[in-house]
Each structure stands twice: as structure tokens, then as C-alpha cells.
Amino acid sequence: MDIPLEELKGLLATLEEGGVEEFEFEDEKHRVRVAFRRGAGVPAGAPFVMATAPATPSMVPSVAPPAAPPRQEDDANVVYVTSPFVGTFYRASAPEAEPFVQVGASVAVGQVLCIVEAMKLMNEIEAEQSGTLLEILAANGDSVEFGQRLFKMRKG
């Protein structure tokens, strides 16, 4: 790879400061996976490079995987708000503040539903459509993944 050592050190430091446990990057030419080992006998945040290899055609999927079939309890009027990235889920703007939304609440387009903290940035997640909040699928302070369902809503 043609990454200057100082840039790589900066990336690793940023990942460690953000509490990231794993990081993976892949392009047409390279694939890198870094995991931060934690535990007895391992210095806190010690990076461990899991794999560094040229990307091969078998590593890069040519088609998207099929979408999961809808759950039977879901109907056309049920939608999910998902996390746009990996981070920490917060229901309120501060620990002592009231949650942005509660189950049963009416939600308007553009209304803030939660915050997902990623790399020390607080990102407000807004409703993309109006409806009624049926279920909150993540607990305050939980780590969430890209595409993870956060809220279940009924359109309307």
C-alpha cells in the first residue's frame, strides 16, 4: 500500500480514541483489517493487523446480497429507521435530558429521533417520513452497526 507511515499512525490513533474495536478498508487493489486487542497482557489499544492483502475478484462481491425477506408481523405500513453508520446510540441530547421520542408518539418528517455518536461527532438522526413510533429497538448507550434497525414506525 502507498500510505505514508505518519498518516497510518494518525488513522490508528483516531480509531483508538474513538473506541473503535475493528476497522476494515477495501478497494479494488487492497484490503486491510485492523482489530484493537484488549485484555490481560495486552496494552490498551494495541493494534493488531488481522489481514493486509491485495484484493482479489473473489473478495469484492459483484452483486449485492439479496435483501432479507420481510418479517411476517410487518406490513406495508411499517417502516424502520436504521443507523446510517457504526456508533453509539443515544435517546436524548444529554444524560439528564428527556428522550427525543417515546413509543406511541407521533413523528413528523425531519424530527430528531436520536443521536448516533461516531468518532466523537454527535449525529442527529431525523425521521424521513411521518408516522407513529411503535418500538425503540436499541437501548440508550448501545453500540449500533451500519444498517441496524433503531426504530419501528407505522407510516401515516
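Figure 1. The structure shown here and in the following views is a predicted model. Leucine 8 belongs to helix H1, which spans residues 5-17. Together with Leu5 and Leu11, Leu8 forms a nonpolar patch on the surface, and the three have about 250 Å² of accessible area together.

**Figure 2. The open sheet in the order S8-S7-S5-S10.** Four strands make up this open sheet, and their pairing is antiparallel. Strand S8 (121-126) and strand S10 (143-144) stand at the edges with a single partner strand each, so one side of each is left without a neighbour in the sheet. In general, strands of a sheet pair through backbone hydrogen bonds, in either a parallel or an antiparallel sense.

**Figure 3. Pairing of strand S7 with strands S5 and S8.** Strand S7 covers residues 112-118 and pairs with strand S5, residues 87-90, over 3 bridges in the antiparallel sense. Within this pair, threonine 88 stands opposite glutamate 117 of S7. S7 is also joined to S8 by 6 bridges, and these two strands again run antiparallel. Here valine 116 stands opposite asparagine 123 of S8. The hairpin of S7 and S8 has 2 residues between the strands, and methionine 119 in this hairpin takes a positive phi near 55°.

**Figure 4. Cysteine 114 and the largest nonpolar core.** The largest nonpolar core contains 16 residues, of which Phe89, Val107, Leu113, Cys114, Leu150 and Phe151 touch the most other members. At least two residues of this core come from each of S4, S7 and strand S11 (149-155). Leaving aside residues up to four places away in sequence, cysteine 114 touches Phe89, Tyr90, Phe100, Asn123, Glu124, Ile125, Leu150 and Phe151.

Figure 5. Threonine 82 is found in strand S4, which comprises residues 78-82. With a relative accessibility of 37%, threonine 82 counts as partly exposed. Its contacts, not counting residues up to four places away in sequence, are with Gly147, Gln148, Arg149 and Leu150. The C-alpha atoms of threonine 82 and glutamine 148 are separated by 5.2 Å, although the two residues are 66 residues apart along the chain. Leu150, one of the residues that threonine 82 touches, is also among the core residues that touch the most other members.

Conventions
Residues are numbered from 1 along each chain as its sequence is written. This is a predicted model: local features need pLDDT of at least 70, side-chain atom pairs count only at pLDDT 80 or more; totals for chains, interfaces and linings use all residues. Side-chain values use heavy atoms; hydrogens and water are left out. Two strands pair if DSSP finds at least two bridges between them. Patches are made of residues with over 30% relative accessible area and no salt bridge: like charges are joined within 9 Å, nonpolar side chains (Val, Leu, Ile, Met, Phe, Trp, Tyr) within 5 Å. Accessible areas come from the Shrake-Rupley method with a 1.4 Å probe; for residues, only the protein chains shown count as cover. A salt bridge is a side-chain nitrogen of Lys or Arg within 4 Å of a carboxyl oxygen of Asp or Glu. Buried means under 20% relative accessible area, exposed over 50%, partly exposed in between (1.4 Å probe, protein chains only). Contact means heavy atoms within 4.5 Å. A nonpolar core is a set of buried Ala, Val, Leu, Ile, Met, Phe, Trp, Tyr and Cys residues joined through side-chain atoms within 4.5 Å.
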